[in-house]
Amino acid sequence: MSSTKVKRSSRPVRWGLAAKLFTILVLLGAIAVLVTGVLGYFRARDALEKAVFDQLTAARQTKTRQVEDYFRTIDAELRLLASSKMAVDATREFRIVVDQLDRAAAPPELRQKVGTWYTENFIPGITRVLGRKPVLADYLPVGAAPYYLQYHYIVANPHPAERRKLLDDAGDGSEYSRLHAMYHPMMRAAAATLGFFDFMIADPKSGRLIYTVEKEVDFTTSLQAGPYRHSNAAAAAARCAASPDRSAVCLEDFAPYAPSGGAPIAFMGAPVIDRGVVIGVLIAQLSNEEIDNVVTGGRRWRQEGFGDTGEAYLVGPDYLVRSGPRAFYENRENYFAELKSVGAPGEEIAAIERYGTPVQHQRINTKATQAALAGVEGTGEIVGYRGVPTLASWGPLAIPGIKWGLVAKIDSAEAFAPIERLRQDLLVVGGLALLVVAATGAWLSRALLGPLRELTAGVRRFAAGDNRASVPVRTHDEIGQLCSAFNGMVEDLHQKNVVIENKNRENEQLLLNVLPAPIANRLRGGEEAIADGFAEVTVAFADLVGFTELTSEMPPHDVVTLLNELFTRFDAAAHDLGIEKIKTVGDAYMAVCGLPEPVANHAERMVRMAIRMVHITREHGMEHNASMKLRVGINTGPVVAGVIGTSKYIYDLWGDTVNLASRMESGGIPDSIQVTRSVYEKLKGQFAFEPRGAIEVKGKGKVEAWVLRL
């Protein structure tokens, strides 16, 4: 019997299922880590670059609006002041007496004293600024009036140079000193209130500065034939002198001004018109400090998000800066070293050192400044004025009369520093991730519990407060369906939470529109009956005179629009001054200062608010071709304040202080501000009041009242 043997293969199995699964998982993990790292790196770089550009653009636009608003405010205030009776009368009378002084011969000894003063006091300072000793005759005034008036108000002035403006009457018995004693306190107060560095009146016929507040060496000199005939002050005066238009304002760009020690000064002029004729030019001298403070953010670059190298700066059409670069303020030694390293001219560096400021001396001619001065807004990476790559946002400013550009920038190295750190972190994390993938692959090759563990982790994250927790759905079996259901539940809860949060924010905003924030917080804290007594606050009532007759023929919509626009401007002024609006009734407006949060200068703030309201009303009336006059009453004293109502809250005031403030308004004079004795006693040293005497007040009898000079 024969038998047959079956031959079996003895070849070993080289790749088992576990090994194949492990290899596939490791390869997939490596690819995922590589792709994620590369994509993450480039997307993070792009996102960071966009975020930096957005931040720079937002900062630039904010500063642009602030600078534009500053000039718009000065423009409006100067036009308003130039049209006032005080300015017209002062200009007319000063012209006459200065002409009389000019026709009289100045005594030789007086001329000698003025010349000696220039030699000892003015020439040394201007020599330091110019870097050379100038000719004395180039700066001496021309004419008899300048010698006479400069002697009495500058040379013989008992006050130091920075306080010369405190001299009201030189005591020489002249007609000029009589007029000066009458008008100077009001002019000085106006300049201080409006923030002018100096405030001047020019005679359009002779070009002579017949009046200045600060009494610098340009006082009574001629801007046509005197030592400062080529200055930007002369240009502003000449432009406005030829424009018999009350709305005309002549702005001249910043330039070094010798009478102010060579500091960069801009001038804004407005014609003073009497019976259609320009009899003078009102000139505001604007210091660069205000603009520099806005652009540099009060030199708080880090707090404004500019980091260690970021900044914003202004340039003019000559590519000279109008605000100081950051390095000049933070590290001057390094600043000058950088200027030399980028090849800045020696005379430019010397001028900055002499004048003590880079404004009007440092030139920045880059792609960003060129585009901004061409009226183009944009962003990009450029080579900055320090010779290093920077990310910048640039754009023009809309200021009539001058052409400026503003650039906000930050060094590229600092901006992309997080990306460099991310690249290094990605390499480390990528290596660790590959190790994790290898370990996980070995584990997954032996177990298929991954989805369940991921689901467990997702549930734990959700329980810990991560409302966007989700888990990957890797399969379509029961575990996959469970994961999908979990993700759907989390997303649904997240959407509901978003809706709830939005509703809460809307309710919060509505409550703050009705009540002051501290009162709203107390209501939210559970207080039901809110009533507080305040020992001293200042209350004001304002009412439009003849508003009913004015609007009797107007459509209802126009009436509401006219009143709403006016009260909106009142609200903005109240917000600026920290004043709480209580309510409006028809064309009446009630406000208080000193509650719910007490402030020490509540009376002063309220008077400044009243002055703004009167000016705003006049301007609003002019804009709408309507005769609008405001009557304001102010009183200081104790009040009781609280919330009344349950379905419609209102925060209101009670007490004799409120009633008397209302009577001050109703018994006041149109287009004026009437105050009680309590207000007068607090502010008589800060504002000019005129006594009105005792007036009849309902329920009080005779009460003393004062009217604020506007």
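The model is predicted, so a caveat on the source comes with it: local features need pLDDT of at least 70, side-chain atom pairs count only at pLDDT 80 or more, and totals for chains, interfaces and linings use all residues. Residues are numbered from 1 along each chain as its sequence is written, and side-chain values use heavy atoms, with hydrogens and water left out.

I start with the sheet. Helices (H or I, at least four residues) and strands (E, at least two) are DSSP runs, numbered from the N terminus. Two strands pair if DSSP finds at least two bridges between them. Here four strands make an open, antiparallel sheet, ordered β6-β9-β8-β7. At its edges are β6 (311–315) and β7 (378–383), each pairing on one side only. Six antiparallel bridges connect β7 and β8. G380, for example, has A392 in β8 as its bridge partner.

Next, the cavities. On a 1 Å grid over the protein atoms alone, a cavity is a set of points where a 1.4 Å probe fits but cannot get out; lining residues have an atom within 4 Å of a point. Grid points are joined across faces, edges and corners, and a volume is the space filled by probe spheres set on the points. Searching the whole structure gives two cavities of 30 Å³ or more.

The largest cavity holds about 60 Å³. Its lining includes Y313, G384, Y385, R386, A392 and D411. Two elements, β8 (389–396) and β9 (405–411), each give two or more residues to that lining.

The second largest cavity has about 40 Å³ of space. Its lining is A327, Y335, E338, L339, V342, Y385 and R386. Helix α9 (residues 332–341) supplies the largest share, three residues.

Last, the disulfide, defined as a pair of cysteine sulfur atoms within 2.5 Å. The structure has one. The bond runs between C240 and C250, with S to S at 2.3 Å. The link is right-handed, with 120 degrees about the S-S bond. C240 sits in helix α6 (residues 232–241) and C250 in strand β3 (residues 250–257), ten residues apart.

Are these cysteines buried or exposed? Buried means under 20% relative accessible area, exposed over 50%, partly exposed in between (1.4 Å probe, protein chains only). C240 counts as buried because its relative accessibility is 0%. C250 is also buried, at 5% relative accessibility. Another cysteine, C593, is buried at 0%.

Terms used:
On a 1 Å grid over the protein atoms alone, a cavity is a set of points where a 1.4 Å probe fits but cannot get out, and a pocket is an open set with protein on both sides within 12 Å along at least five of seven lines; lining residues have an atom within 4 Å of a point.
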